[in-house]
Amino acid sequence: MPLIVMCGYPCSGKTRRAEELKEYFEQNTERKVHIVGDGGLGVEKNSLYADSQKEKNTRAALKAEVERKVNKDDIVIFDSLNYIKGYRYELFCLIKHAQTPHCLVYCLTLDQVSSTWNTDRDAAEQYTQDIFDALVLRFEAPDSRNRWDSPLFTILKDDTLPFGDISDALFKRKAPPPNQSTQSQPLSSANFLYELDKITQDVLMASFNAQKTCVPGDLISVPGATEKIELTRNINMAELRKLRRQFISYTKMHPTENTGQIANMFVQYLNKSLH
């Protein structure tokens, strides 16, 4: 049912706090408690955070695992850095769609303290200093004024977790209402599905064929769109088809009355997804 999102610097105590929350809810409720985190993926952390594409893929895999676990009965604790504001917003959209409450637990430490805790770990569990410093630099602190960061519980290293307040935030608060982007909408016209399928297929084929004569950095023109695809790398047909399926699913939930904009919308989606 509810989702608890952990957040903080590397080695700030997130996993310890997640285990404390798991123990509390298992002892005080009859709900199952699932912890989803980086450790379950079996990926070496330094190689993961040194490669932006690998990190992006890992975030997507973790989000998908959270989405699979969230249901009406269980509690899900997401134990990861969750340091990107936009990623936390995606998680907020996920719980809006599932119509379940959530909260954010922010393990606030000084970077010097986290760095010391990092060096105290076994060598195989440590972040390299370069990776640690980069993650601290990139960290986007949560802000309770943002609806996706609220309710926010900020925990210092010597604090006791406010279990009662966290429980109230999850079980005595209504879930955020779904909005147009997370609710299925009626199709806007009888031929909408046909136009959506045809236009996206035309864009897909044009972008795939154009790669035979283009190089990364080129702009690709596609039928029906005024915007161009920014080719940052070669894209195989399997990836294009996957993106097309995702775009069609999203667009079915939020159809447009102006089918003439579908091509531009798809191009924008491709550019955002491929960067």
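Mentor: By class, you get 8 nonpolar, 3 polar and 3 charged residues in the lining of the largest cavity. Here Ala, Val, Leu, Ile, Met, Phe, Trp, Tyr, Cys and Pro count as nonpolar, Asp, Glu, Lys and Arg as charged, and the rest, Gly included, as polar. Keep in mind that this is a predicted model, where local features need pLDDT of at least 70 and side-chain atom pairs pLDDT 80 or more, while totals for chains, interfaces and linings use all residues. Residues are numbered from 1 along each chain as its sequence is written, and side-chain values use heavy atoms, with hydrogens and water left out.

Now the hole itself. The structure holds 1 cavity of 30 Å³ or more, and the largest cavity has a volume of about 110 Å³. A cavity is a set of points on a 1 Å grid over the protein atoms alone where a 1.4 Å probe fits but cannot get out, and lining residues have an atom within 4 Å of a point. Points join across faces, edges and corners, and the volume is the space filled by probe spheres set on them.

Of the 14 lining residues, Tyr49, Arg59, Ser80, Asn82 and Tyr83 come closest to the cavity's centre. Helices α2 and α3 each supply at least two residues of the lining, and α3 gives the most, with 4. Helices (H or I, at least four residues) and strands (E, at least two) are DSSP runs, numbered from the N terminus.

Take Arg59, one of those closest to the centre. Its side chain meets that of Glu55 in a salt bridge, with N and O 3.0 Å apart (the rule is a side-chain nitrogen of Lys or Arg within 4 Å of a carboxyl oxygen of Asp or Glu). Why do Arg59 and Glu55 sit about one helical turn apart? Because they are 4 residues apart in helix α3, residues 52-69. Arg59, at 23% relative accessibility, is partly exposed, whereas Glu55, at 6%, is buried; buried means under 20% relative accessible area, exposed over 50%, and partly exposed in between, using a 1.4 Å probe and protein chains only.

Overall, the count comes to 15 salt bridges.

Back to Tyr49, which also shows up in the largest nonpolar core. That core has 29 residues, and those with the most contacts inside it are Leu3, Tyr49, Val66, Phe78, Tyr127 and Leu135. A core means buried Ala, Val, Leu, Ile, Met, Phe, Trp, Tyr and Cys residues joined through side-chain atoms within 4.5 Å. Among the elements supplying at least two residues each are β1 (3-8), α2 (45-50), α3 and β3 (75-79), while α4 gives the most, with 5. Leaving out residues up to four places away in sequence, Val66 touches Leu3, Val36, Phe78 and Leu94 (contact: heavy atoms within 4.5 Å). In soluble globular proteins, nonpolar side chains tend to be buried together.

Technical notes. On a 1 Å grid over the protein atoms alone, a cavity is a set of points where a 1.4 Å probe fits but cannot get out, and a pocket is an open set with protein on both sides within 12 Å along at least five of seven lines; lining residues have an atom within 4 Å of a point.
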